[in-house]
Amino acid sequence: MERLYVIPLLTLTVAVATAHAEETTLDTAHQDLRLVPVAENLEQPWGVAILPGELFVLSERTGQIQTFYNGERQRVEGLPGLHVEGQGGLLDIAASPDYPDTGWLYFTYSSGSADSTATALARGRLAGDRLVEVEELFEQNRRSEPGPQAGSRLAWMEDDTLLMSIGDRGTPGRAQNTMDHAGSILRLDPQGLAPLDNPLLEEAGYLPRIYSWGHRHVLGLAVDQERGHVWAVEARPNGDDELIRVRPGANHGWPELTLGEDATTGGLLEDITKGTIFIEDDVIPPVHRFEENVSPSGLAVVNGEHYPHWQGNLLVGGLESEQLYRFEVNDGEVVEMEELLDEPLGPVREVRQGPDGYLYVLIGNENGTLYRLEPEA
């Protein structure tokens, strides 16, 4: 097959961002850093794919993909039909591990209409200002009222299989139904099918793509490929948000295992008392519960050479707290946690490590900015 080279800017009309975010200095426990803006004026940003050559491909929940290259932006056409409402719309985006050879970009979105939607996965190739060869690879098996807890995050595993999170769609009990994709993390092959070694592939009563279940709304998902761990952050209603080490083929407890309240009814979930944890032998508790309302979103495992004292640490963003958190975890226990921002810059949507080894932080709603986290000179 002929190799497809991405040409980010040709003779096309481009728009230069006009507002300018400022650099922010971070005086952390181990090294001084700064947040440097690299892409600005984003409308409800959700995800970012960082491609070789400093080409940034950003998804906006409102239904646009924007590319930024050398300070210039370009809108990308060719997306499939999607429905934007509430927490649904265009969601995460990620480049395939073999992107230089194949050019595939994978993205999730709300497929459907004002009557009902489902979280779906598609892929396409970027050619100038268009996505080409777009194909839908997967759609969750049960549609829902548009808006609530659509998800979604993507993360590649070391064997080039793809993890994809789907929220409980506003109905907590669906997360315990293993014949429903809602409230789960899926594992897919590059064509969107269930890999033959999926943990529940041959188990009766389980959908074959399910990797783990019992999740409410995973908006941060990352794979520690050096250690073989999968990490997620999950928003629980009215606080008690969680950092989770995801176990294949396991139940992570929502809504049975919780300290939070039912956001739908405003009361405690049935048979659950605030401050009490009910743990079954086959339910995996979280590694950490936040004490304040965080609404965690965005998660990266730090392995870049630019952060020598953070190797293997986790960097987590907060939508509601507007904070960045660094975790050091050893043997399943948090041994150090640090809040990095002295002043809030806005809701943190995504945290991702690029192929250049730098960490990137996506911040904001109506006027979002993508920052690169650099060592202070």
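**Entry 1: a strand pair.** I looked up strand β17 (residues 229–234) and found that β17 pairs with strand β18 (residues 242–246) in the antiparallel sense, over five bridges. Within this pair I noted V233, which stands opposite L243 in β18. The model I am reading is a predicted one.

**Entry 2: the sheet around the pair.** I then traced the sheet and recorded an open arrangement of four strands, in the order β16-β17-β18-β20, with antiparallel pairing. Why is one side of β16 and of β20 left without a neighbour in the sheet? I found β16 (218–224) and β20 (288–289) at the edges, each with a single partner strand, so one side of each has no neighbour there.

**Entry 3: the nonpolar cores.** I turned to the largest nonpolar core, which has 18 residues; W310, L315, L324, L359 and L373 touch the most other members. I listed β3 (32–42), β25 (348–353), β26 (359–363) and β27 (368–375) as strands that each supply at least two residues of this core. β26 gives the most to the core, namely three residues. Apart from this core I noted another, of 17 residues, which includes W104, L121, L154 and L186.

**Entry 4: L324.** I checked the neighbours of L324, leaving aside residues up to four places away in sequence; among those touched are L315, V316, L340, V348 and V361.

**Entry 5: confidence.** I read a mean pLDDT of 89 for the protein, with 88% of its residues at 70 or more. Over residues 1–18 the pLDDT stays under 50, and I noted 32 contacts beyond four places in sequence for them in the model. Residues 259–279 also have a pLDDT below 50; this stretch has 40 contacts in the model beyond near neighbours in sequence.

Conventions
Residues numbered from 1 in each chain as written. Predicted model: local features only at pLDDT ≥ 70, side-chain atom pairs only at ≥ 80, totals over all residues. Heavy atoms only, no water. Pairing = 2+ DSSP bridges. Core = buried A, V, L, I, M, F, W, Y, C linked by side-chain atoms within 4.5 Å. Buried < 20%, exposed > 50% of the residue type's maximum accessible area, 1.4 Å probe, protein only. Contact = heavy atoms within 4.5 Å. pLDDT = per-residue confidence, 0-100.
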